[in-house]
Amino acid sequence: PFETEDNGTVSYKTVKDLTAKLTAIPSGYKSAQLNKDIIFDDNGNATIVLSKMPDFVVKVVDQHDNPVAGVEVQMCDKVCVPYANPTDANGVTTHGYMEGNFHVQLISLPDGYTVDNMEDTYDFIGNEVVIEVTKVN
């Protein structure tokens, strides 16, 4: 197996009419060429296209659809992974793509907000989820 250089290229001298197979890609990327034959051109070059997977986005709003800053959340599949940052002034926090069937769980809310059950989980639709919490008077 060959690994790419830091610039994303790999070089190998060989005979003409070579085919190769892309067998692994870094986490957070996808390729339609995975596990398919890669054909080299007459100059011995081949191009492999990787697409970056979108970040997971969590937005937290109150019952009036106002953004809620300072909410801490975690993504859970087989294990839970806390987001590095709480929600910002727009009520949003993001996490880089990870493979799995993740859902979101609240870790903590800022003072003045509540939710029926902190252990509830919220499913992503695509790569986004909106969670509604209640602002108390």
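**Exercise 1. Classify Tyr 97 in this predicted model as buried, partly exposed or exposed.**

Solution. Start from the relative accessibility of Tyr 97, which is 23%. Buried requires under 20% and exposed requires over 50%. Tyr 97 therefore counts as partly exposed.

**Exercise 2. Which type of aromatic pair do Phe 56 and Tyr 97 form, and which parts of the chain does the pair tie together?**

Solution. A search of the whole structure gives three aromatic pairs. For the pair of Phe 56 and Tyr 97, the ring centres are 5.7 Å apart and the planes stand at 10°. Planes under 30 degrees apart count as stacked, so this pair is stacked. Next, locate the residues: Phe 56 belongs to strand 5 (residues 56-61), while Tyr 97 is in the loop between strand 8 (92-95) and strand 9 (103-108). The pair therefore ties together parts that are 41 residues apart in sequence.

**Exercise 3. Find the type of the pair formed by Phe 56 and Phe 102, and state whether each residue is buried or exposed.**

Solution. The ring centres of Phe 56 and Phe 102 lie 6.1 Å apart, with the planes at 65°. The cut-off for edge-to-face is over 60 degrees, so the pair is edge-to-face. Phe 102 lies in the loop between strand 8 and strand 9 and Phe 56 in strand 5, so parts 46 residues apart in sequence are tied together. Phe 56 has a relative accessible area of 6% and is buried. Phe 102 is buried as well, with 12%. To complete the picture, Phe 56, Tyr 97, Phe 102 and Phe 124 form one aromatic cluster.

**Exercise 4. Over which ring does the charged end of Lys 52 sit?**

Solution. The charged end of Lys 52 is 5.7 Å from the centre of the ring of Tyr 29 and sits over that ring.

**Exercise 5. Describe the open sheet of four strands: what is the strand order, and which strands stand at the edges?**

Solution. The order is 7-6-9-11, with antiparallel pairing. Strand 7 (80-82) and strand 11 (121-123) each have a single partner strand, so they stand at the edges and one side of each lacks a neighbour in the sheet. Neighbouring strands are turned by 35° against each other on average, direction ignored. Within the sheet, strand 6 (residues 72-76) runs antiparallel to strand 9 and is joined to strand 9 by five bridges.

Note on methods. Residues numbered from 1 in each chain as written. Predicted model: local features only at pLDDT ≥ 70, side-chain atom pairs only at ≥ 80, totals over all residues. Heavy atoms only, no water. Phe/Tyr/Trp six-rings, centres within 6.5 Å; stacked < 30°, edge-to-face > 60°. Helix = DSSP H or I, 4+ residues; strand = E, 2+ residues; numbered from the N terminus. Buried < 20%, exposed > 50% of the residue type's maximum accessible area, 1.4 Å probe, protein only. Lys NZ or Arg CZ within 6 Å of the ring centre and 35° of its normal. Pairing = 2+ DSSP bridges. Axes fitted to C-alpha atoms, helices over the stretch in contact; angles between N-to-C directions.
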